[in-house]
Amino acid sequence: MKTDTQATAETPGTADSHLPGTRVPDAHLPETRRPGAHLPDPGDTRLSGRAKLVLFVLCAAQFMVALDFSVLNVALPVLGKDLGLSASALQWAVTAFALPSGGFLLLFGRIADLFGRKKLFLTGLALFGGASLLATLAWDPASFLTGRALQGLGAAVIVPTGMSLLTTTFPEGPLRAKALGISGTLLSLGFTVGMVLGGVMTDTLGWRSTMGLLAVASVTVLALAPGLLPESRTPERPRLDVPGAITVTGALLALIYSLSTAAVRGFGGADVWGTLAAGLALLVAFVVVESKAPAPLVSLPMLKRRTVAWGNIGGLVTFSMMSTVVFVLTLYLQETLGLSSFRTGLVFGAQGLASVVAGTYAPRIIGRFGAHRTLAASLLGQGTFTAALLAIGAGSGALLATVAVSLASMCHLGAIISYGVTVTSGVPDEEQGLATGLITTTQQVGITIGIPLLGVLATTGASLFDGVRTVLAVDAVIVLAAAALVGLGLRTRAKV
């Protein structure tokens with residue numbers, strides 16, 4: 001059996017993932033890059049000063065988008081009263097962002113491969129910043145929801161292009177694992193910080209300050225990025241698979257709409273089932289189109305790579321099931337135990353700190369045991385500590401919940417980092433945008449599907465507490481089953 005290190009050394013094209021000025025002659029580079037960018041050599045094990053700045057810019061952009069997913073949640077009631085959004089319409093403050101941010105990820109990831117990642121990344125930052133400003137200054141529901149939709153579109157550009165810039169900048173091996181570890185930590189931390197920061201800012205400065213913060217952050221990153229980031233794209237004449245782009249984007253939009261709506265209104269509506277059926281039908285059409293396309297948007301052979309397939313399955317499970325745990329624990333802490341929003345925030349603050357610790361050590365564990373083993377072990381740990389939450393009581397259990405969810409989150413962060421390393425390992429630079437587009441699509445779909453699929457079980461018991469325990473039990477079983485399947489699926493390093 002090959003180790004990850006051995007496979008890295010033998011993978012064609014991997015050594016080409018750094019830029020001119022390093023040891024490999026320019027003639028061997030598969031992509032065009034901006035001259036003069038001095039970034040890591042595959043032989044390096046420590047980040048240089050410039051590489052740290054590049055990583056800071058890329059991670060700051062990812063953190064900003066993660067923050068946007070949660071910073072507005074606690075402000076929704078205040079926002080609704082201010083703008084005149086009804087309670088039923090408030091879901092669109094979330095859905096308007098989720099639809100484009102998830103639906104266009106694959107498309108923009110591939111466009112970045114073809115036309116230039118840096119160029120598209122900067123465009124996404126500018127769009128995100130302008131949309132955040134519009135949402136900050138919104139004067140009615142239509143202007144606010146337009147800003148949120150454009151924010152989502154900007155995020156759909158930033159996330160895959162930023163991730164592919166990261167994976168092509170930092171060569172496969174310890175440096176990439178370290179970079180993905182920092183990125184994954186900040187991604188997880190962004191959700192937690194957003195929940196806490198959103199409440200504080202809304203209470204002190206008003207809900208508009210949450211959107212204004214994102215506008216300032218995007219302008220700051222946009223000011224730093226041009227002088228630091230390299231440009232990269234494939235040298236061949238770009239060809240975009242338009243039928244594939246239409247079918248997969250339509251499928252993702254339909255599925256995300258269906259599941260986002262189900263999370264609020266349940267699965268009883270005709271629009272939920274109609275869009276769900278349309279999304280599945282478009283996915284089937286997408287597979288047929290890609291099997292015949294001369295230049296497919298998604299290479300079906302890539303999807304057949306064991307690392308890509310099983311890595312994304314692991315990612316889908318860890319994101320969907322952890323988001324569900326956070327959702328039902330919030331209900332448990334506030335509705336069953338009667339904790340205040342502040343004390344509930346402290347529980348999830350501890351969870352965020354645990355994620356930071358995991359992000360520090362996960363790359364070392366991956367370097368020693370391999371990404372595929374770390375992924376399976378992390379899923380096993382997440383499932384085990386989720387099962388431990390079944391010991392909570394109807395009258396007490398805040399301490400147990402804090403410890404168990406923190407440990408589960410440490411394993412969750414390990415799964416996030418190791419599945420990113422698993423999926424991008426052995427993928428040529430010219431397809432990194434596609435690979436990272438798959439990763440980020442998995443993240444978005446995972447976050448979207450967990451709560452509507454399992455959250456409804458929280459209301460099926462004799463009490464909310466019984467429903468929460470039912471969700472936690474099913475969640476733990478799914479994660480433990482995924483750990484076993486991913487472990488078996490990746491037990492032999494995939495041929496690439």
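A contact here means heavy atoms within 4.5 Å. This is a predicted model, in which local features need pLDDT of at least 70, side-chain atom pairs count only at pLDDT 80 or more, and totals for chains, interfaces and linings use all residues. Residues are numbered from 1 along each chain as its sequence is written, and side-chain values use heavy atoms, with hydrogens and water left out.

Start with the overall build. The protein has 18 helices and 2 strands. Both are DSSP runs numbered from the N terminus: helices are H or I with at least four residues, strands are E with at least two. Take the contacts between residues at least 6 apart in sequence: 81% of them join residues at least 24 apart.

Next, the surface. Of the 496 residues, 56% are buried, meaning under 20% relative accessible area, with protein chains only considered.

Now go inside. In soluble globular proteins, nonpolar side chains tend to be buried together. The largest nonpolar core here has 111 residues. Such a core is a set of buried Ala, Val, Leu, Ile, Met, Phe, Trp, Tyr and Cys residues joined through side-chain atoms within 4.5 Å. Helix α16 (residues 398–424) gives the largest share of this core, 12 residues. Phe121, Leu125, Phe144 and Leu333 have the most contacts inside the core.

Which residues does Leu125 touch, not counting those up to four places away in sequence? They are Ala61, Met64, Ile158, Ser218, Val221, Leu222 and Ala225.

Technical notes. Buried means under 20% relative accessible area, exposed over 50%, partly exposed in between (1.4 Å probe, protein chains only).
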